[in-house]
Every structure is written in C-alpha cells, then in structure tokens.
Amino acid sequence: MRVMLVSANREQIPDPIFPLGMAYIAATVRQRGYTLHIVDLCFESQPLDALWRHIKSFQPDVIGLSLRNVDNAAYPLTVDYLGGHRELIETIRAVSDAVVVLGGSGFSILPEAYMEALGGDWGIRGEGEQAFVQLLDALEQRYDPGAIASVVSAPGRPVYAQDVTIQPHPVVQRWDTGLRPARDLFDYPRYIRRGGMGNIQTKRGCVFKCNYCTYPLLEGNRFRSRSAEDVVDELESLMSDYGPHPVFFVDSILNFPRGHVEAICEEILKRHLKVRWSCYATPVKLDRNQAQLMARAGCDGIELGTDAVDDDQLKRLGKSFNAGIAERANRFCMEAGLKVCQTLIFGAPGETPQSIRASCEALKRMRPTAVVAMTGVRLYPGTPLTESLIEQGSIRRSDVGLLPTFYIDPAVEDFLPGYLQQQALEAGNWVLPGLAAPILPHNQRLLRRLGISGPLWRLLHKPWMKILNRSRFRQPSTSWGVPNAKRKVV
Ligand code: B12
Ligand code: SF4
C-alpha cells in the first residue's frame with residue numbers, strides 16, 4: 001500500500017516548527033514496510049500546487065494529513081487555519097481517490113468537529129504511532145478500522161471505541177522504547193537554519209489539572225517517560241548528524257516529576273555533551289539544585305507556565321502552587337543563570353483589575369528575561385474550565401468549536417488590553433500574542449541571517465532589541481498576513 005503523509009503546518013511565528021509528530025508516524029509506517037512518501041508544506045510558497053504535484057506523481061492509496069494548529073490561540077488578532085486545511089482537502093479530493101486520515105494535535109482537540117468540517121474518511125485522536133499502522137493494516141486487509149482504539153469515524157459511519165488506550169502493534173516499535181522520529185525523510189537542516197531549534201520529546205502526559213489546559217486531554221493525565229539514556233542517545237545523534245544546534249524539549253513540563261530532568265542532565269554531563277536547550281517548566285518543586293543542574297547541563301532558556309502571580313487567581317486557574325512559589329522558582333532560575341520567560345494568562349474567570357495589577361507588580365519584582373502575556377483564555381472542548389462555564393450557563397456547548405472562542409471576565413474586559421499594552425511598553429521585554437507581533441518578521445529574518453539561533457525571547461531584554469522592535473506595537477502581524485477575524489468572545 002502506498003502511504004503519503006502531509007504536514008499542513010506553515011506557520012513561521014515564532015519559528016517554523018519541525019513536524020515531530022508526523023516524523024514519529026513516518027518512522028512506524030516505514031517499520032511496517034508500507035511504501036511511504038513525505039510532503040512537508042512548511043516552506044512551500046504554493047502549497048496547493050505542491051500537494052497536487054506530489055499526489056499526481058506518487059499516486060497514494062492513503063493520505064495521512066497532520067494538522068498541528070487549529071488557530072494561534074491569541075486574542076484579539078486571532079489567526080485560524082481552518083480555511084487553509086479545507087483547501088488542502090479539496091485539492092486532495094480533486095486529484096485522488098485516496099483514503100484520507102486526519103491526525104495531529106489540532107485535530108485531536110476537536111476530532112468530531114474537524115471530521116465534519118473537512119470530511120476526512122478516518123481520524124486518529126491523540127498519539128498515532130501504533131494506531132495509524134493498525135488503521136493501515138485494517139484498510140489493506142479490508143476489516144473495519146472503526147474498532148481500533150482512538151480511531152474516529154467519518155460522520156454517518158458507526159462510532160466504535162473512543163478509548164485512547166492503544167494496543168501495541170506486533171511489528172512497530174513503541175514510542176518510549178527507542179523509536180526515533182524519521183527526520184532523515186524531511187529537510188530537517190532547513191528548520192535549523194530558519195528557526196535554530198530542533199525538537200525532542202522525553203515524556204508524554206501531565207498529571208496537573210490546570211483548568212483551561214488541553215495537554216492532559218491530548219497526552220493523557222499521567223506521565224510516561226523515556227529513559228534518560230535513550231533521550232541523551234537521541235540528543236547525541238542529533239548533534240552528530242546535523243551539527244551543533246539548540247534543542248527544545250517539547251514535553252508539557254520537563255522538570256516534573258522530580259528526578260526526570262535530573263537524570264537527563266546527569267547523563268548529558270556524564271557524556272560531556274555540549275548542547276544548548278530550552279523547555280517548558282512548572283514552578284512546582286523547582287528549587288535551587290534543579291535550576292543549577294539544568295544550567296550546568298546546557299539549559300539556557302526556561303519557559304515557566306506561571307499563569308498568574310496572585311494567590312486567588314492561581315487557585316481559580318487550578319494551579320498547584322501559590323504566588324510565593326512562583327516568585328521563588330523565578331529567582332532560583334535567574335540566580336542559576338538561566339534565561340526565564342514567564343507566561344501569563346490574563347482575564348480568566350474571577351480576574352479583577354486588582355489581581356491583574358498584583359501579577360504585574362510581582363513581575364516587576366521578579367525581572368524575568370521575557371514575559372508572554374495572553375489576553376483572555378482560549379476555550380477548548382472538554383477542559384474543566386469549559387465544562388464548568390457550560391454548567392454555570394455562562395456559555396453554551398455550541399459556543400466552543402472550530403471557531404476560536406475566548407473568555408475574558410466581564411469585570412476586566414475593557415481594562416485589560418490597554419493595561420497590558422501599557423505594561424508591555426514600559427517593560428520592553430513583553431510579548432502580547434494577539435495584540436502585537438512577538439517580533440517583527442523582517443527583524444526575525446535578519447537575526448536568523450546573522451546566525452542567532454534558539455528562542456528569540458531570550459534577547460527581548462537587550463537594549464538594542466528594544467530599539468529594533470520598538471514599532472511592533474503599531475504593526476500587529478502574523479506570518480499569514482492579515483489576521484483572520486473570525487472568532488467569538490464570551
Ligand atoms: C512544544 C510546543 C510548542 C513549541 C514548539 C517548539 C519546537 N521547536 O518544537 C513552541 C513554543 C514553539 C510552540 C509554538 C506554537 N504552538 Co505549540 N505546542 C507545543 C506542544 C506542547 C507540544 C507539541 C509537540 O511537539 N508534541 C510532540 C509530538 C510528538 O506530538 P504531536 O505533534 O501531537 O504528534 C502526535 C499526534 O498528534 C499524532 N499525529 C501527528 N501528526 C499526525 C498525522 C497523522 C496522519 C496521524 C494519524 C496522527 C498524527 O501522532 C503523533 C505522535 O504520537 C503542544 C501541546 C501538546 N501537548 O501537544 C502545543 C500546541 C501544538 N501548540 C499550539 C499552538 C496554538 C502554538 C502556536 C500557534 C502558539 C502561538 N500563538 O505562537 C505556535 C505555533 C508555532 C508554529 N510555527 O506552528 C496548540 C495547537 C492547537 C491550537 N490551538 O491550534 C497546542 C496543541 C497547545 C494547545 N493550546 O492546546 N508550541
Ligand atoms: S498548564 Fe502545564 S502543568 Fe498545567 S495541566 Fe497544562 S501542561 Fe500540565
């Protein structure tokens with residue numbers, strides 16, 4: 001059977017992201033022995049023509065379409081990618097009778113809505129290494145794929161299992177036992193040149209219950225980890241195959257549970273591996289030892305999902321720490337020499353002008369390298385926040401779907417955007433997704449051409465960067481040009 005995998009993601013902000021998930025799928029399809037062809041649309045200037053040409057020449061029996069992003073999750077300048085995804089499907093249908101299978105994190109957040117909107121034949125919700133090859137086997141051997149766990153049927157077809165527990169395939173390797181993403185089938189070096197970061201996943205899942213978050217829905221609510229040796233083997237071969245380049249660990253949070261990141265750091269140090277890396281982290285249990293060990297092992301940027309620095313607001317967001325812990329974690333990281341990006345969410349239910357001011361005052365004390373502040377909360381189906389808003393009658397279930405929906409507490413609706421812009425202008429090292437470009441695209445290109453790699457937020461506190469970026473609050477933009485204004489605020 002001839003299998004084509006297509007990565008739809010063309011977003012270049014904050015950087016082009018190597019399609020790691022699809023590379024994992026490619027690895028298992030190859031192991032299973034199906035004839036495989038990769039189409040990565042990221043850098044294609046005419047993506048529909050490119051797709052058309054690939055389909056014509058390869059003549060696939062099955063096309064797996066990887067949908068990473070639904071939208072940019074930013075308000076008010078929301079960009080949604082649905083229109084682009086629709087055009088891809090229309091192109092596929094116009095030139096091919098191949099069976100179309102949808103997958104990816106964007107698809108998995110809203111599988112039924114996507115199946116209906118795009119008219120895929122099958123979909124796979126959540127991780128796909130095992131499920132996709134099982135689906136291919138079913139199609140080849142002509143039995144009904146609907147019974148495979150995590151497979152989503154097209155509307156009108158019977159719905160069978162909706163469980164995400166996936167049975168191991170007898171031929172293909174499991175994700176956490178030495179499977180490597182098939183980077184060799186992609187132009188990985190181009191991503192390094194353009195964005196400066198590779199990506200590695202060391203574990204899946206998250207045990208925390210932050211009430212707006214989709215990660216436990218996507219990856220499960222317990223941690224499944226790879227061994228430190230396996231992770232560092234992959235890191236080592238990335239450096240030797242593609243030359244030194246910075247890496248982002250894509251785990252929901254790298255530094256929890258205790259012991260996981262420590263083991264990886266010890267292994268990096270034991271092998272004297274020189275690599276610059278960054279990650280998402282939680283303030284929970286982040287202490288001086290952890291921060292120092294991470295810094296010694298090459299971590300030069302840590303993105304702390306703090307969300308608020310106000311006890312009541314943290315409680316309302318379902319966070320597992322208080323403002324004191326958040327400030328302490330920030331201090332330990334800064335003292336260890338790590339660059340720190342604080343990500344905050346403003347406007348969630350219960351937010352008041354006082355809680356916003358409290359968080360902003362705390363940030364002034366904390367002096368992180370950069371701040372990413374979201375205006376409003378993107379509501380996704382199935383999160384505890386969305387469910388409780390539906391239960392209280394604040395929103396209807398039908399409000400939350402493919403059209404990006406944001407919640408901003410009415411108590412701060414008018415106050416919030418202006419206040420955040422003012423804070424950002426004063427501080428100079430803030431990013432306000434949806435209110436201003438993180439960095440102007442031509443400046444981003446310039447910095448990359450000058451050989452500056454890794455996350456660019458690390459530079460936002462530099463005086464020359466502030467000058468380079470000073471007009472960004474007047475020129476909101478995205479790499480897709482004009483923001484698509486189709487969205488709802490509730
Ligand atoms: C790490 C991360 C980032 C990092 C990436 C760094 C890097 N160099 O890789 C950074 C911070 C840069 C980033 C940026 C953005 N991100 Co992000 N990111 C993530 C995160 C946490 C992990 C992604 C990842 O690599 N996972 C590991 C791989 C192995 O998993 P995977 O891609 O899901 O693939 C599996 C399945 O989806 C499936 N699958 C994948 N493809 C296919 C194809 C087929 C055919 C099948 C059957 C299955 C299948 O199988 C794969 C293997 O099991 C996810 C949340 C999450 N927990 O998934 C958000 C997430 C993907 N990001 C999201 C968003 C919105 C963004 C931004 C748009 C934010 C912004 N405004 O800037 C940008 C977009 C950047 C871009 N150019 O596309 C959203 C997307 C959903 C949405 N709302 O649209 C997510 C889901 C978070 C969320 N809000 O829920 N992100
Ligand atoms: S916000 Fe972070 S810590 Fe909280 S549930 Fe999501 S991934 Fe886990």
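Reader: Hi! How is the chain divided?

Author: Hello! The chain splits into domain 1, residues 2-153, and domain 2, residues 197-489. Keep in mind that this is a predicted model.

Reader: Thanks. How far apart do the C-alpha centres of the two domains lie?

Author: Those centres of domain 1 and domain 2 are 27 Å apart. Domain 1 puts 26 residues into the contact, and domain 2 puts in 30 residues.

Reader: Which elements give two or more residues to the domain 1 side?

Author: Those are α4 (105-109) and α5 (111-118). The largest share of that side of domain 1, three residues, is from α4.

Reader: And what's the make-up of that side by class?

Author: On the side of domain 1 that touches domain 2, there are 16 nonpolar residues, along with six polar and four charged ones.

Reader: OK, switching to the sheet of six strands. What's the strand order?

Author: The order is β2-β1-β3-β4-β5-β6, in an open sheet with mixed pairing. β2 (35-40) and β6 (151-153) each have a single partner strand, so they stand at the edges and one side of each has no neighbour in the sheet.

Reader: How much are neighbouring strands turned against each other?

Author: By 25° on average, with direction ignored.

Reader: What does helix α1 touch there?

Author: Helix α1 (residues 20-32) packs on the sheet and touches β1 (2-7), β2 and β3 (62-66). The direction of α1 makes about 170° with that of β1.

Reader: Good to know. One more: how many bridges join β13 to β14?

Author: Six, and these strands run parallel; β13 covers residues 339-346. Ile345 stands across from Met374 in β14.

Reader: And β14, is it mostly covered or mostly open?

Author: Mostly covered. β14 spans residues 370-375, and five of its six residues are buried.

Terms used: Residues numbered from 1 in each chain as written. Chains lettered and ligands numbered in written order. Predicted model: local features only at pLDDT ≥ 70, side-chain atom pairs only at ≥ 80, totals over all residues. Pairing = 2+ DSSP bridges. Helix = DSSP H or I, 4+ residues; strand = E, 2+ residues; numbered from the N terminus. Axes fitted to C-alpha atoms, helices over the stretch in contact; angles between N-to-C directions. Contact = placed C-beta atoms within 7 Å. Domains from an automatic or database assignment. Nonpolar A, V, L, I, M, F, W, Y, C, P; charged D, E, K, R; others polar. Buried ≥ 20, exposed ≤ 12 C-beta atoms within 10 Å, placed from the backbone.
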